[in-house]
Amino acid sequence: MYRRPFVLLALAVTASCGGAKRAERARAPGRTLDDFGDTVRAGHGARRIVSLNPVTTELLFALGAGARVVGRTHWDLHPEGARAVADLGDGMQPNVEAVLGVRPDLVLLYASDGNRAAARALHRAGVATLAIRTDHLADFQRAARLVARAVGDSAAGERLADSVERSLAVVRARPRSTKPPTVFWFIWESPLFTIGRGSYLTELVETAGARNVFDDLAAPSPQVSLEQVVRRNPDYVLAGPQNAMRIRRSPAWRAVSAVRAGRILVVDTTLVGRPGVRLGEAARHLRALILHDTVP
Amino acid sequence: MPRRTWLVLLAALAAALLAALALGPVPLSPPAVWRALFGGDDEHAVAIVRTLRLPRAVLGVAIGAGLGMSGAALQGTLRNPLADPYLLGVSGGAAVGAVLGVTLHLSAPAMLPLAAFIGALLAVALVLLVARAAGARGDPRVLVLAGVVIGAFANAAILVLLSGATDDTVRSALWWMMGSLGDATWAGTRWIALYVALGGALLFAFAREIELLALGTDPAAALGVDVERATRRAYLAASLLAAVTVAGAGLVGFVGLVVPAIVRALGARTVRSVIAGAAIGGGALVVAADVVARTVRAPSELPLGAVTALVGVPFFLARLRRMR
């Protein structure tokens, strides 16, 4: 957990980059600064919300604002109620006209460069946007508070953020060894992608009491070579159900000693797939999987 | 071809293979590599050398040989030293097939190469059809132009396919188009090597015809060659080779352009010797480029096609300047 201050520092630096003027505006009462550096008038209780990020869609439902969601991405299938909401496509570089078509008064975006043009276009059309980065564990706490403020229920946001943080803390407080088991997380093949320092999954692995063998790479999902995996010699290989089967069948993966020894762990990808309201459950899942420790 | 030329090419290939087996993220001494290759009890080293580095190196030789021979044959047939399967739309057609395969989630290792192969053959058929429609049967300039047009069409088709695809699909497809030997397995490499050998044998059988075609269409016809048929046969064999390489390693450009030129500069004169020399030299170049691709930016890999293009484009420009 020694890396936590670093994450906070990084956030502080990012926030200060927005310029003094913006910071001033953000400090004005009732205004929030989002991750694109735009100010958002908060607390007006948005009535029609489009959420183009599975994390914020989950959040809205968890905050009891599910009935106000009028648009989502193709990938927002949790919770069950979200499936009834209009599917507006991929979420990244969204079709602005399709978004405007459901007449939103607030659009929640994932704060990546690909979404900047959409945010600008929505502003021009007079629709408020709130762009939130959801890459790290700490981002979830922030996202919960920002979204809660936007729907006019700050107290619920605090409660949700606290409860997720508490369940992560329970896992973090479990006994841990001085030499934690190491894991390689298989994301995608051809080319081979894994998780790096920039992903909440690396933090989640650490929360569970293990270490990602590629935690020195800054990118969220760096591309690596199979021989590098052999070299870093992880104790376990983590993969989704289908990928685990692929690894077991592949002759090339026999070069990894964890694979030869059959130490492939099948991860519940729908549970750990996003840094959302079920983060605590995800950490418990990883703890049970890697360290055979069932957290009550 | 002088014996010295053969020795230079074979030495280059041997050096590239040695580097491919010895260099990598896991440091292995040459004796350790030797022990891993022939017997050996170190399971770790055996796994690295035999299941990761060796199939990759062998695939590199096959891909390079295929591209080199394909380029040599196309340059002879079309009487154009700048001809190359990558520039003639053949590789582009194969890429459309591969991308279509990826977007349809044909993730089985056997399906993707097959899709690429079908795409390449369709592109060749289209090129020949366009050339025929233009009325200039077997005219190399028309074939080159038709190839460029089909290549542009292939690019557009790929963009259309990818615009509706998910991030993961786009990433896979892009990686494929940039070329890589990273997916090398013995099962796949065996087939690629077999097809390359087959295509090479066809080219050797047509070598005399290509030799006469290289003199020009009129002299060739005067010497009794059915120019249209001979051009088409050579073109199809060269395209088969190029398609196989795209199936095995994606788009690896400029090898077919650079290598035959180097082989000619080393003193190869007959079409047969240029084709044979380009097979060896192509293998050496692709294996060496792959060593660069997987070591310079470790722990990530560079796309192989980017490395060969970085070598090939300046070479192409230099030749263009000399042709003026």
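Which residue in S6(A) is the bridge partner of A:Leu109? I will come to that in a moment. Please keep in mind that this is a predicted model.

I start with strand S5 of chain A, residues 106–110. Strand S5(A) is mostly covered, with five of its five residues buried. Buried here means that 20 or more other C-beta atoms lie within 10 Å of the residue's own. The cover is on both faces of S5(A): A:Leu106, A:Leu108 and A:Tyr110 are buried on one side, and A:Val107 and A:Leu109 are buried on the other.

Now the neighbours. Strand S3 of chain A, residues 49–51, pairs with S5(A) in the parallel sense, over three bridges. There, A:Val50 stands opposite A:Val107 of S5(A).

S5(A) also pairs with strand S6 of chain A, residues 128–132, and this parallel pairing has five bridges. Back to the opening question: the partner of A:Leu109 in S6(A) is A:Ala131. To get from S5(A) to S6(A), the chain passes through helix H5, residues 116–124 of chain A, and this β-α-β crossover is right-handed.

Next, another part of chain A. An open sheet of four strands is found there, in the order S8-S7-S9-S10, with parallel pairing. Which strands are at the edges? They are S8, residues 211–212, and S10, residues 264–266, both of chain A, and each pairs on one side only.

Take the S7 and S8 pair. Strand S7 of chain A covers residues 182–185, runs parallel to S8(A) and is joined to S8(A) by two bridges. Across this pair, A:Thr182 stands opposite A:Arg211 in S8(A).

Key
Residues numbered from 1 in each chain as written. Chains lettered and ligands numbered in written order. Predicted model: local features only at pLDDT ≥ 70, side-chain atom pairs only at ≥ 80, totals over all residues. Pairing = 2+ DSSP bridges. Buried ≥ 20, exposed ≤ 12 C-beta atoms within 10 Å, placed from the backbone. Right-handed = clockwise from strand over helix to strand, strands pointing away.
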